[in-house]
Amino acid sequence: MVSMLDYIYEEQVTLEKIIKEFDFNLPELKDVTHCLILATGSSYNASLAAKYYMESTGDMYIDIQEPFDFLHYGKVDPKFDLVIAVSQSGKSTSTIHAVEKITQFQKIKTITLTSDSESPITKVANHMLNLNMGMEKVGFVTKGYSATVLNLMLLSLAIASQSHRMDEKVLEKEKENLCKAVYSINKIIDKTAKFFENKKAELKESNRFLAIGYGPNWGTAKEFETKFTETVRKPSQGFELEAYMHGPYLEANETHSIFFVETDSAILSRSKALRGYMESHVKRCYVISTQSAGGEDELALDLDVSEKISPLLLVIPFQYFAYQIATIQGIDLGQRIFDDFDQVLQSKI
Ligand SMILES: O=P(O)(O)OC[C@H]1O[C@](O)(CO)[C@@H](O)[C@@H]1O
C-alpha cells in the first residue's frame, strides 16, 4: 500500500514534470489583475504560501477565502476578474457550492485547480487546470500540497504573461528559478531524515507542537498545523510570527516544541528575538531555515532561493516529520478513522 512517505519521495520528479509541461498559453487568463481564491484545508494553506509569489511576480492582487464562509456570508467584490477554486480532490462540497453560487449570479470567470479532470468541481467552473500530479491516494496530502503551491505560482506567471505584464525573458528566468528550487527537494528530504534521526526521541515526548512563520511561510506554518493535526494527532498549531506574540505565548510551557520557519529577510531579526525569548520557556525551539549552517536545533537547508519561492521547499521537513512522528508514536496512518465522517457531514461529495 502506498504511503505518505512514498508521495513525499515522489515530489521532486512530479514538480519537475509540472514545470516542464505547464501550458502558459491560456487565453482565458488575459487581463487579470484581481483574483479571489476559494480553497479549504491544505488547498487554503497552499494558496496562502503561494500568495506573495503570485502578487509580486505576477503583479496582481490575491484574496483568499474559506468557501463555506464565502458561500453563506461573502460577496464578490466587483474588482475581482478571476475566481480560482482550488480543490485537489475536486470534491469539497463547500468549494463546489461557492463556485456554483458565483457562476449563477455573477459575470466573472472561474477556473478550478484540481488533480481530477472528471471531478464534480470541473462541472461548475468555467475552466479547469489539472494539477498534473496524478491522483494522491493518501488523504494526508503532501505531493498534492506542493503541486498546488507550484501550480499557483505558475498560474500567476501565465496570467502575467498573457496580460502582457511579463516578457518572454522574465518568464524563462522565473521558470528557471522554480526549476532550481525543485531540484533541491531530494537533498532536503535527506537532510531532514538525518536531523530527525537525532531528534526523534525528544520529538516523541512532546505534548504540543507549534510552528511560527512569516510572509509566505505563514502558509507553511498553517500546513504544518493541518498535517500534524491529521497525522500526529497531538495539539498542533501554526502561527504568523507577530500574531503569536498577541496572546498565544501565554500558554507556553516546558512540554511544548516550537518550530521557527526562517528565511533571510527583514523579518528574520524579529523571529530570532522571539525564539531567543521562548527558548527558556518551552521544551525545545527548532529552526527550519534556508541558511547554510546553524546550531544543533537548526535544520539549515542551505538553499539559494528567494523568500517568495521558499515555501515550496520549507514545507517538506514538516511533511516528513508528520509521517515519522506519527509512526514512532505507533499510529498506523493506513488505518482509516472516523470512517463515517464524510457520509454523515457531507463535507466531500
Ligand atoms: O483540496 P480539497 O480536495 O478540496 O480538500 C481540502 C481538504 O479536505 C481534506 O481532504 C479533508 O476532508 C483535507 O485533507 C484537505 O486539505
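Colleague: How many bridges join β8 to strand β9, and do the two run parallel or antiparallel?

Modeller: Six bridges join them, and β8 and β9 (residues 284-289) run parallel. Before we go on, this is a predicted model: local features need pLDDT of at least 70, side-chain atom pairs count only at pLDDT 80 or more, and totals for chains, interfaces and linings use all residues. Residues are numbered from 1 along each chain as its sequence is written, and side-chain values use heavy atoms, with hydrogens and water left out.

Colleague: What makes β8 and β9 a pair?

Modeller: Two strands pair if DSSP finds at least two bridges between them. Six bridges join β8 to β9, so they pair. One place to look is Val261, which stands opposite Ile288 in β9. From β8 the chain crosses through helix α11 (residues 268-278) to β9, a right-handed β-α-β crossover. That word applies if, with the strands pointing away from the viewer, the path from the first strand over the helix to the second runs clockwise. As for the element names, helices (H or I, at least four residues) and strands (E, at least two) are DSSP runs, numbered from the N terminus.

Colleague: Which strand is joined to β8 by five bridges?

Modeller: That's β6 (residues 208-213), which runs parallel to β8. Arg208 has His256 as its bridge partner in β8.

Colleague: Why is β8 called mostly covered?

Modeller: Seven of the seven residues of β8 (residues 256-262) are buried. Buried means under 20% relative accessible area, exposed over 50%, partly exposed in between (1.4 Å probe, protein chains only). In a regular strand the side chains alternate between the two faces of the sheet. Here His256, Ile258, Phe260 and Glu262 point one way, Ser257, Phe259 and Val261 the other way, and all are buried.

Colleague: What makes strand β3 largely enclosed?

Modeller: Five of the five residues of β3 (residues 82-86) are buried, so the rest of the structure largely encloses this strand. Both faces are covered, with buried Leu82, Ile84 and Val86 on one side and buried Val83 and Ala85 on the other.

Colleague: Which strand does β3 pair with over five bridges in the parallel sense?

Modeller: With β4 (residues 109-114), where Lys109 stands opposite Leu82. Strand β1 (residues 34-39) is also joined to β3 by five bridges and runs parallel to it; there Cys35 is opposite Leu82. β3, helix α4 (residues 93-105) and β4 make a right-handed β-α-β unit.

Colleague: Why does Glu100 count as partly exposed?

Modeller: Its relative accessible area is 30%, so Glu100 falls in the middle class. Glu100 lies in helix α4.

Colleague: Which residues surround the ligand?

Modeller: Among them are Thr40, Gly41, Ser42, Ser87, Glu230 and Lys348. An oxygen atom of the ligand lies 2.7 Å from a backbone N or O atom of Ser42. For Ser87, a polar side-chain atom is 2.6 Å from a ligand oxygen, and for Glu230 a side-chain N or O atom is 3.0 Å from one. Taken alone the ligand exposes 390 Å², and the protein buries 78% of that.

Colleague: What is the phi of Arg233, positive or negative?

Modeller: Positive, about 60°, although Arg233 is not a glycine. Arg233 is in the loop between α9 and β7 (236-240). Its relative accessible area is 32%, so Arg233 is partly exposed. Asp302, another non-glycine residue, has a positive phi near 55°. Asp302 is in the loop between β10 (298-300) and α12 (311-314), and at 46% relative accessibility Asp302 is partly exposed.

Conventions. Near = heavy atom within 4 Å. Polar contact = N/O pair within 3.5 Å; in protein donor to acceptor, adjacent residues only side chain to side chain. Areas by Shrake-Rupley, 256 points an atom, 1.4 Å probe, with all protein chains shown as cover.
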